[in-house]
Amino acid sequence: MNLYLNIIIYYFYRLLKRLLKMRQDKYFLPTLKETPNDAVITSHILMLRAGLIRQIGAGIFSWLPVGYRVLNKVMNILRSELNEIGGQEFLLPALNPIELWEATNRVEAMGEVMFHIKNRDGLVLAPTHEEIITFHAKQHINSYKDLPQIWYQIQNKFRNEPRPKGGVLRGRQFLMKDSYSLDNCWEGLDDSYQKHFEAYIAIFNSCGIKFFVVGASSGAMGGKQSQEFMVESEAGEDTCAITDSFSYSANVEVATSNVSPVGRIESNDEIELFATPKAKTINELVEMHQIDINRCAKSVVYMIDEKPVLILMRGNDELNETKLSSFFGTNNYRPATGEELIINTGANGGSIGPINLKIKIEVYADMLLNGANGMVSGANQDGYHYRNIDLGRDAEIKEFADFRTVIDGELDVKTGEALRVVKAIELGHIFKLGTKYSEALNAEFLDKDGKRQPIIMGSYGIGVERVIACYIEQNNDNSGIIWNKALTPFDIHLIELPAKNEPKVKEISEKLYAELESNGFDVLYDDRDERIGVKFNDADLIGLPFQIVVGAKNVINNQIEIKNRRTGQRDLIDIDNLLKYINENY
RNA sequence: CGGAGCUUGGCGCAGCCCGGUAGCGCGUCUGGUUUGGGACCAGAAGGCCACAGGUUCGAAUCCUGUAGCUCCGACCA
C-alpha cells in the first residue's frame, strides 16, 4: 500500500515539476520586436525574432530552448527513418587525428576548409566522417558475412567556410546527419543507396517540406552516382533547372535541354577572312556585320591542368565550368589570362577562333555545333574574323561534348515542358562513394572465395539546421512562423489574458494547462503579466499550431477561443469540448 | 581572396561632413493608472562611442593600422 502511495506521489510530483517548466513567465524565450540588423533572409530573421537562435560569430550559433526543441524534433524524425532502413546510430568524435586524413589525401583536398588545432599538432576538426567510419570498418569488418551495414550519426561538423551566410544555412559549425553504407558488392551499394533515397523522401515529407531531387555532379569526391535533395529558395546557393511538375530536375551543373543543333545551311562557300576592327564582343559583331547570332561561334580558352584548351561555343551560350571540369576529369582549371591568349592563339579576346591558331592547342566544341557550317569565328588575328566556316571541313575539333549552361524557358528534352532555372538550397546529398576510402585505408573483407576485397561504400548527408531554415522559408507570414505538428516546439500556446477582476481566467488556464499536459500535449503557457497585444503578437511570431485564448469575456460563459495559426480561423468553444476539438483538428 | 558597407547602453538607430568628453525609440527597474491586438503618466538605472596608435589644449568626430560583422563576387566534400 505504501508503495502505491509512493508511486502516486512520485508521478504527481513529476507532473507538477513539468507544469512549472513551460510557463512563459520564466521560460527563456526572448522575442524581438525589431528585425536584427545582421539578418537578411526570412528564415534567419524569424529564427532570431522568435527566439530560436542567437549568433555568436560568423557562422556560429547558439540554439535557445525553443529552437532546440525543434532541432530535437527533426533529429528524432531522422533517427526514426534511418532506424527503419536498418541504420545504427553512432557518435563519432569531432576531434580527429590528422594521420587518418593524410591517408586519404584529404588534408590537401580540404585545404582551408578544415580547421587545424593550433596548440596540439596532429589534430584537426572533422568536416565529415568518411575516414573515421572507414577506420572502424577496417578494424572490425572482416568477412562478406559482416556486410551490409548502415552506420549513421547526428553530430557537429566543422568547416572553415570562407563566407558563412544566410544565418544557419551556411555555418562554420553545424549539425549533420551523416550516414555511411558498407557493402560487399555493387548491387548491395545500389540497394543501400535506394534505401537512403526512400528514407530521405520520407524524412522531408514528414517534416512537411516541399522539395525536389536532382542528379548532381559527383565532383572531385570520386563517386559513381549522386543526387541532391533541394528546396527552391531565393536564399539558395545552387542553381537548378526544373519543370513545374518536377518531371525534370537537375542541377545546372549537369542540366540539359531541348535545343536544336546549329546544323547546316545550304550555301557552303569557301572560308573567308574579313575585317571586324571594332567588334570586340559577339553582340557587337552581330550588330555591326549583320550576322545571324546562331551562326557565331565564340571561343573560350581555358588552362586545364595548366595546358591551354580552346572551347568553341554557340555565340549566345554560356560555358558551364562544372561540365568542363567533369569532362576533363580535373578540378585544376581556369580561364586563360590575356597574356596566355596571345601566346597560344596570336590574338586578344574577341578575335579568337579554332582556325589559324598560333600554337596548335586542342580544340573542343559544344555538341550543338557538331556538323555546323556557315559559321563566323575569330581569326586569331586582332580585328579579323572568318566567315563560312564549316567546322568539319575547316577546323580540327578533337571532340564535341555538352559544355553549355541551360537557360530559363528552354524545354525539357523528354516532356517538352518549360524549364525554370531557380535557386535552391541543398538539404541532403546521397552519394555512391565506391571504394575510394576503403582502398586508401585498406578496409577490406574476405569474399566467398576467400579473396580480399575493398568494402564498397556510400555516404549520405542531411544538414539538420537547414531542414529548419527551409521549413521556415516555406511556412511563414507577416506575423511570424507557422509550425506544423511534426516540427513545432510545442503543440499548443495557452494564452491567459490579463483579468484582474475575473479570477476564473487564471483558474481555468491552470486547469486547462494541467489537463492538456496530462493528455500528452506539449503546452507553452503564457502566464506573463503582459498586455494582450504583446501576447498575441508573440504567439503569432512563435507560431505554434493552436492558440488557446482564455479571457474574461468568454470564461464567464464557460467558453474559450481557439485560433488556428495557419488558417487564422478562430473558434469559440465550450471548455469541456477542448480536448475533442484539438483531437479532431490537429 | 577581390569589391561595397557597417561597428555608438540589451535591441534598432541619430550625432561624425564643420573636434568642445554623448542623444532618440524600444526594452529594463520603481510607483501609479490601464487591460480582447506591441498602452499612458512620473521617476530611475545602464555607454571610457570595436581595439591600438597618431594629430590637437581637447577626438565618437580628423589621420594611420588592426579586428569583428554584413552584403556582392570567387570558393563550397
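A: A residue is buried if 20 or more other C-beta atoms, placed from the backbone, lie within 10 Å of its own, exposed if 12 or fewer, and partly exposed in between. Helices (H or I, at least four residues) and strands (E, at least two) are DSSP runs, numbered from the N terminus. The model is predicted: local features need pLDDT of at least 70, side-chain atom pairs count only at pLDDT 80 or more, and totals for chains, interfaces and linings use all residues. Residues are numbered from 1 along each chain as its sequence is written, while chains are lettered from A and ligands numbered from 1 in the order in which they are written.

Q: How many helices and strands does chain A have, and what percentage of its residues count as buried?

A: Chain A has 17 helices and 31 strands. Of its 586 residues, 40% count as buried.

Q: Why is α13 described as largely enclosed by the rest of the structure?

A: Helix α13 is largely enclosed because 10 of its 11 residues are buried. Among them are V464, V467, I468 and Y471, together with the charged residues E465, R466 and E473; Asp, Glu, Lys and Arg count as charged, Ala, Val, Leu, Ile, Met, Phe, Trp, Tyr, Cys and Pro as nonpolar, and the others, Gly among them, as polar.

Q: How is the packing of two helices described?

A: Two packed helices are described by the angle between their axes and the distance between the axes. Axes are lines fitted to C-alpha atoms, for helices over the stretch in contact, and angles run from 0 to 180 degrees between N-to-C directions. Helix α2 (residues 42–49) packs against α13 (residues 464–474) at about 100 degrees, with the axes 8 Å apart. The two are therefore roughly perpendicular, a word used for angles of 65 to 115 degrees.

Q: What is the angle between α3 and α13, and which residues meet there?

A: The angle between α3 (residues 65–84) and α13 is about 110 degrees, with the axes 10 Å apart. In α3, V70, L71, V74 and M75 meet V464, V467 and I468 of α13; residues are in contact if their C-beta atoms, placed from the backbone, lie within 7 Å. By class, this contact has 7 nonpolar, no polar and no charged residues.

Q: Which residues have the most contacts inside the largest nonpolar core?

A: In soluble globular proteins, nonpolar side chains tend to be buried together. A nonpolar core is a set of buried Ala, Val, Leu, Ile, Met, Phe, Trp, Tyr and Cys residues joined through C-beta atoms within 7 Å. The largest one here has 109 residues, and V74, L427, V467 and V550 have the most contacts inside it.

Key. Parallel < 35°, antiparallel > 145°, perpendicular 65-115°, else oblique. Contact = placed C-beta atoms within 7 Å.
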